[in-house]
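Biologist: Hello! Could you walk me through this model, beginning with the terms you use?

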Amino acid sequence: MIIGKIIKKSCLIILVIIVLITLIVLILNFWVVLTTRKQIVDNYQDLEDIDCIIVLGAGVWKNKPSPMLQDRLNTAIDLYNSEVATKIIMSGDHGTKYYDEVNTMKNYAKDKGVLSSNIFMDHAGFSTYDSMYRAKHIFKAKKIVVVTQKYHLYRALYIANSLGLEAYGVEATPKDYSGQMMRELREILARDKDVFKSIVKPKSIYLGEELPVSGDGDITNDIKMEVKDGKR
């Protein structure tokens with residue numbers, strides 16, 4: 001009988017812990033969305049003095065952008081052609097010579113008429129946090145427009161806010177993508193993770209020299225990355 005009471009009490013404690021964790025996860029997720037939703041704009045023509053447009057990477061297939069990434073790129077190119085900003089940062093994963101998002105992104109934009117010198121490549125945009133951190137500290141941007149799918153914009157803007165960037169979001173052309181429900185669920189946890197990361201504000205692993213976005217984007221062509229603490 002005593003064992004039964006202990007088991008019952010333990011189950012109750014576990015249940016309370018699960019409920020509390022779930023509430024914390026949902027509250028933080030709601031907070032990220034609530035505090036950034038007004039920064040997602042439709043009338044981007046009204047934006048002024050934007051330093052750059054940042055396109056967040058989303059996978060490449062055989063040196064071609066995935067459908068999600070292609071939609072992000074097309075939206076960014078439309079912004080560029082609308083003169084929202086004269087510079088674009090392609091931020092993605094170029095961790096090895098066998099996987100290269102950023103050159104694929106740049107080549108796609110060049111084929112659509114964007115000047116090579118106006119396209120910067122962030123070879124170390126391995127995470128949304130890295131992309132925002134490097135936009136400020138490496139590319140010296142202050143006022144940015146972030147382009148990605150809407151579910152992802154909230155987190156990118158939240159991180160940008162925490163780093164002191166003036167940031168606006170433009171949603172990539174809305175479409176139905178395979179596996180989107182799983183992305184939405186993962187994003188809830190990712191938002192929670194980056195809330196805490198935005199409090200601590202760690203440096204990006206890959207740093208390197210400053211490359212002001214006001215300059216020539218071709219300086220980033222296959223640039224060598226440096227890791228903090230001298231480790232690769």
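Modeller: Gladly. Helices are DSSP runs of H or I with at least four residues, strands are DSSP runs of E with at least two, and both are numbered from the N terminus. This is a predicted model, so local features need pLDDT of at least 70 and side-chain atom pairs count only at pLDDT 80 or more, while totals for chains, interfaces and linings use all residues. Residues are numbered from 1 along each chain as its sequence is written, and side-chain values use heavy atoms, with hydrogens and water left out.

Biologist: In what order do the elements of the chain run from the N terminus on?

Modeller: The chain has six helices and seven strands. Its C-alpha atoms fill a box of roughly 75 × 45 × 35 Å along the principal axes. From the N terminus on, the order of the elements is α-β-β-β-α-β-α-β-α-β-α-β-α.

Biologist: How many of the residues of S1 are buried?

Modeller: Buried means under 20% relative accessible area, exposed over 50%, and partly exposed in between (1.4 Å probe, protein chains only). In S1, Cys52, Ile54 and Leu56 point one way and Ile53 and Val55 the other way, and all are buried. For this strand, residues 52-56, the count is five of five.

Biologist: Which residue in S4 is the bridge partner of Val55?

Modeller: S1 pairs with S6 over four parallel bridges, and there Cys52 has Ile144 as its bridge partner. S1 also pairs with S4 (residues 88-91) in the parallel sense, over four bridges. In S4, the partner of Val55 is Met90.

Biologist: Which backbone oxygen does the side chain of His123 reach at 2.6 Å?

Modeller: His123 lies in the loop between S5 and H4 and is buried at 1% relative accessible area. A polar contact is a pair of N or O atoms within 3.5 Å; within protein, one must be able to donate a hydrogen and the other to accept it, and residues adjacent in sequence count only if both atoms are side-chain atoms. The backbone oxygen reached at 2.6 Å is that of Thr220.

Biologist: How far apart are the closest N and O atoms of Glu166 and Lys143?

Modeller: A salt bridge is a side-chain nitrogen of Lys or Arg within 4 Å of a carboxyl oxygen of Asp or Glu, and the count comes to nine. Lys143 is buried at 17% relative accessible area, whereas Glu166 is partly exposed at 37%. The distance between the closest N and O atoms of Glu166 and Lys143 is 3.9 Å.

Biologist: What separates Arg191 and Glu187 along H6?

Modeller: Their side chains meet in a salt bridge. Arg191 is buried at 6%, and Glu187 is buried at 4%. Because they are four residues apart in H6 (residues 180-200), what separates them is about one helical turn.

Biologist: What is the phi of Asn63, which is not a glycine?

Modeller: Most residues other than glycine have a negative phi. Lys62 has a positive phi near 50° and counts as exposed at 82% relative accessibility. Asn63 lies in the loop between S2 and S3 and is exposed at 65%. The phi of Asn63 is positive, at about 65°.

Terms used. Pairing = 2+ DSSP bridges.
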